[in-house]
Amino acid sequence: MSKQPKHILVIRLSAMGDVAMVAPVLHALITQYPDTKITILTKAFFKPFFRDLANVTVFPAEVKGKHKGVLGLYNLSRELKKLRIDVVADLHNVLRSNILKLFFLGSRCVQIDKGRTEKKALISGHQFQPLKTTHQRYADVFEKLGFKLDLSHPIFPKPVNLNRNTSSIFGSNSKTHIGIAPFAAHESKMYPLELMKVVIASLSKVYNIVLFGGGEKEIKILDKFEKRFENVVNSAGKLSLDEEMDVISNLDVMLSMDSGNAHIAAMLGVKVVTIWGVTHPFAGFSPFNQPEDYALLSDRKQFPKIPTSVYGNKYPEDYKEVSRSVSPNTIIEKIVSIL
């Protein structure tokens, strides 16, 4: 490009993990191109993900409210044009973002290549090899707009000083703190809860455990874990997303499924151990900047169709609990070796 754009509109509306994965890429962009201004169009709820980023402003999309439907998107485009956007980086590439881009005639728009063909080959078993990471796919969009990014030397925010509310969750003793987020959007991505109890029972004898989750059902389950084991605190339902991130930033390690909490912890520079069910890191959704051996994988000899889908929403009935093939000892030993 003859002239580098000064103001980029970045579109990434959902889901939580995918939006969290944008943060380290934008961090690289503003570090390597400090004169660039970024407006990110996303849900208001995700605003805390970008709180540490200079020159980055969140523009809340109200896709179920005033920005709903084609007319709503047209009105949204008019609101955004007032910000004097130079180029559009569409990191979502769905019908809604494609309609919105139609209203940006005259502005350069580049959209993410999600690699749908390669992902189809991966889940159908035709091609079992690592695909490009989602972080790199995001970076590729910016490169096409004239911003070549190096993601290999990330800088992370410092752990946040805790307030009264967050320090009551975190605890005041000097023991090592492990975060555990045992839930995921699909059951097939979750480690069986009775095995997770074994992991918690063992680790809580030595370390402080902070549990993460959301929604009434999950809160009830995590409350039972808190009551049953020493040194275990349930944070679910007690913190805002901002506060949850403050607590996570102070953890020594996070244990998570292939889910949003893994990406939030990774974005904050925390070490993340992930347990994978019917999905697989080869699809490109590993948490940012984590060693390969921090991903604990279900047994593909026993379950050769893994990954059965990219998001864990499709699988044969007998694959529902494939992560049972990862033993609690394997998880405990991995965490202890990292600490």
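How many aromatic pairs does the count come to by the ring-centre rule used here? The count comes to 9 aromatic pairs, where rings of Phe, Tyr and Trp (its six-membered ring) pair if their centres lie within 6.5 Å, and planes under 30 degrees apart count as stacked, over 60 as edge-to-face and the rest as tilted. The model is predicted, so that local features need pLDDT of at least 70 and side-chain atom pairs count only at pLDDT 80 or more, whereas totals for chains, interfaces and linings use all residues. Residues are numbered from 1 along each chain as its sequence is written, and side-chain values use heavy atoms, with hydrogens and water left out.

**View 1. The aromatic pair of Y33 and F147 is edge-to-face.** The ring centres of Y33 and F147 are 5.1 Å apart, with 90° between the planes. Because Y33 lies in the loop between helix 2 (22-32) and strand 2 (37-42), and F147 in the loop between helix 6 (134-144) and helix 7 (164-170), the pair ties together parts that are 114 residues apart in sequence; helices (H or I, at least four residues) and strands (E, at least two) are DSSP runs, numbered from the N terminus. Y33 is buried, with a relative accessible area of 18%, and F147 is buried at 0%, where buried means under 20% relative accessible area, exposed over 50% and partly exposed in between (1.4 Å probe, protein chains only).

**View 2. F45, F46, F49 and F50 form one aromatic cluster.** Within this group, F49 and F50 make an edge-to-face pair, 6.5 Å centre to centre and with 65° between the planes. F49 is buried at a relative accessible area of 3%, and F50 is buried at 2%.

**View 3. L26, F49, F50 and F142 touch the most other members of the largest nonpolar core.** This core has 60 residues, a nonpolar core being a set of buried Ala, Val, Leu, Ile, Met, Phe, Trp, Tyr and Cys residues joined through side-chain atoms within 4.5 Å. Helix 2 contributes the largest share of the core, 7 residues. Not counting residues up to four places away in sequence, L26 touches V10, I38, I40, F50, L53, V56 and F142, contact meaning heavy atoms within 4.5 Å.

**View 4. An open sheet of 5 strands has the order 3-2-1-4-5, with parallel pairing.** Two strands pair if DSSP finds at least two bridges between them, and the edge strands, strand 3 (56-60) and strand 5, each pair on one side only. Strand 2 and strand 3 run parallel and are joined by 5 bridges, with I40 standing opposite V58 in strand 3. Helix 4 packs on the sheet, touching strand 1, strand 2, strand 4 and strand 5, and its direction makes about 170° with that of strand 4; axes are lines fitted to C-alpha atoms, for helices over the stretch in contact, and angles run from 0 to 180 degrees between N-to-C directions. The buried residues of helix 4 (residues 95-102) are S97, I99, L100 and K101.

**View 5. Strands 8-7-6-9-10-11, in that order, form an open sheet of 6 strands with parallel pairing.** Strand 8 (232-234) and strand 11 (295-297) are the edge strands. Strand 6 (residues 177-181) and strand 7 (residues 208-211) pair in the parallel sense over 4 bridges, and the bridge partner of I178 in strand 7 is I209.
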